[in-house]
Amino acid sequence: MEVSEGDIRQPLQHTAGHTLLVGTTGAGKTRAFDVLVTQAVLRGEAVIIIDPKGDKDLMACAKRACALAKRPDRFVYFHPAFPEDSVRLDPLHNFNRPSEIASRISAISPSESSNDPFKAFGQKSLDNVIQGLMVIEERPTLVKLRRYLEGGPSTLVIQALERYFDNNLGHWRHEARPYLKNAKDIDSKALGLVKFYREVVQYQLPNLDLEGLLSLFEHDRAHFSKMVASLIPIMNMLTSGSLGPLLSPNPYDVDDLRPITNTGHIIEKAQVAYIGLDSLSDGMVGSAIGSILLADLAAVAGDRYNYGVSDRPVNVFVDEAAEVINDPFIQVLNKGRGAKIRLFIATQTCKASRHGVKSCESRCFDPLLGRNEVTRTNRGAEGISGRVIFADFFLLGSSKKSFGKNSDSPVRFQCHLFRIELLTNWCAIGGL
């Protein structure tokens, strides 16, 4: 250490603007998380840790902090590689509008461009199925959505139409009998009920949400299969094997005793959730799980922002952020402060993070704002082992160059950064 170096303390109120840690591999980003996680746990606040690489020491630190706070029951563990030890985590549980779920899943499917017609068709198909599930008052899960996309929506169409007719028509079965006389299987029964709706019910009691599902059922099956071909693989990955019951928990399965939770419940109960993504084993699935969970968190943030559900702060730690960043995550960054959500993000370079948000090119993902100006050198995280760049930051909804009021000259943003050494005393940064 140099003579001029020493401990850096960050006032707790400054973390409301989110915190970015940038450093090369082995620089100490995750160990800095150990410090910050322990502080948040001892303050009695909710903590969510999203760790793509599955750092065992970070997990042990969170668990140890709960024990130190004399509340070991607050610790929640999720890891795809250890399903027997994991809680069951529903990433679709929280939403303000059903269409959010379709957008959430569509965002993790591969696409050729931002205007990819295959992706748009897949999202529309998901939305139609979800609307059908809403009609029969069933909660959407990844497993259910995959089942109706792969196997066809015939069963859902029958359930949705019968529920709608029961609620609105009363004694409709006698009137519909001529349409069902040739129904010998599920597909023919669904076809008869759809014809009854089109010819009799639609003119009296139309339902646009229901009609989207019916249009999906009437769509040519061969063409439909081609159009959702890019969506099916990622759905299969998230629902196959042990991941199926982990991410699509069935509360009526009496043989599965693992707890069921979601990000909203974790926040409400001020729990400490360690979520490992196992990205080293399967990077695509790990990234998809992280992205869909962050989208679920965005829905919770929307509830907190709109309705003021709780004033208790929430601390979200995202390691290797470039692997999981998506549009909903950007929204949490922009509006999380009003929802009392503090984000702590670690990445190797700001350039890697910008690569993770290539669909949001108009936004600037650079650390721009800090509390104390320190001369930036080329040593920092790039050259000296154990050093971390520690900076408050925010996102701009504009280009990287900005012009001052009544001025034709560009204003150069000043970048304020803290260079800190990893501190062994957990209360050395911030404080309780």
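Leucine 213 lies in helix H9, where helices (H or I, at least four residues) and strands (E, at least two) are DSSP runs, numbered from the N terminus. The model is a predicted one, in which local features need pLDDT of at least 70 and side-chain atom pairs count only at pLDDT 80 or more, while totals for chains, interfaces and linings use all residues. Residues are numbered from 1 along each chain as its sequence is written, and side-chain values use heavy atoms, with hydrogens and water left out.

At 0% relative accessibility, leucine 213 counts as buried, a word that stands for under 20% relative accessible area, with exposed meaning over 50% and partly exposed in between (1.4 Å probe, protein chains only). Leaving aside residues up to four places away in sequence, leucine 213 touches Asn128, Val129, Gly132, Pro153, Leu156, Val157 and Ala160, a contact being heavy atoms within 4.5 Å. One of these, valine 157, is 56 residues from leucine 213 in sequence, yet their C-alpha atoms are 7.0 Å apart in space.

## The protein as a whole

The secondary structure comes to 17 helices and 12 strands, and 51% of the 432 residues count as buried. Among contacts between residues at least 6 apart in sequence, 78% join residues at least 24 apart.

Helix H4 (residues 117-135) has 19 residues and reaches 27 Å from its first C-alpha to its last, close to the expected 27 Å, where the expected span is 1.5 Å times one less than the number of residues. Its buried residues include Phe121, Leu126, Asn128, Val129 and Gly132. The buried residues of H4 pack against helices H3 (99-106), H5 (142-151), H6 (154-168), H9 (208-218) and H10 (221-227).

In the loop between H4 and H5 lies arginine 139, which is partly exposed, with a relative accessible area of 38%. Arginine 139 touches Asp90, Leu92, His93, Phe95 and Lys144, not counting residues up to four places away in sequence; of its partners, histidine 93 is 46 residues away in sequence and 7.8 Å away in space, C-alpha to C-alpha.

## The packing of H14 and H15

Two packed helices are described by the angle between their axes and the distance between the axes. For helix H14 (residues 283-307) and helix H15 (residues 327-335), the angle is about 35° and the axes are 8 Å apart; axes are lines fitted to C-alpha atoms, for helices over the stretch in contact, and angles run from 0 to 180 degrees between N-to-C directions.

On the H14 side, Leu294, Ala295, Ala298 and Tyr305 meet Pro328, Phe329, Val332 and Lys335 of H15. The residues of this contact divide into 7 nonpolar, no polar and 1 charged, with Ala, Val, Leu, Ile, Met, Phe, Trp, Tyr, Cys and Pro counted as nonpolar, Asp, Glu, Lys and Arg as charged, and the others, Gly among them, as polar.

## Positive phi in two loops

Aspartate 278, in the loop between strand S6 (272-276) and H14, has a phi near 55°, a positive value in a residue other than glycine. Lysine 340, which is found in the loop between H15 and strand S8 (341-347), also is not a glycine and has a positive phi of about 60°. Lysine 340 is partly exposed, with a relative accessible area of 36%.
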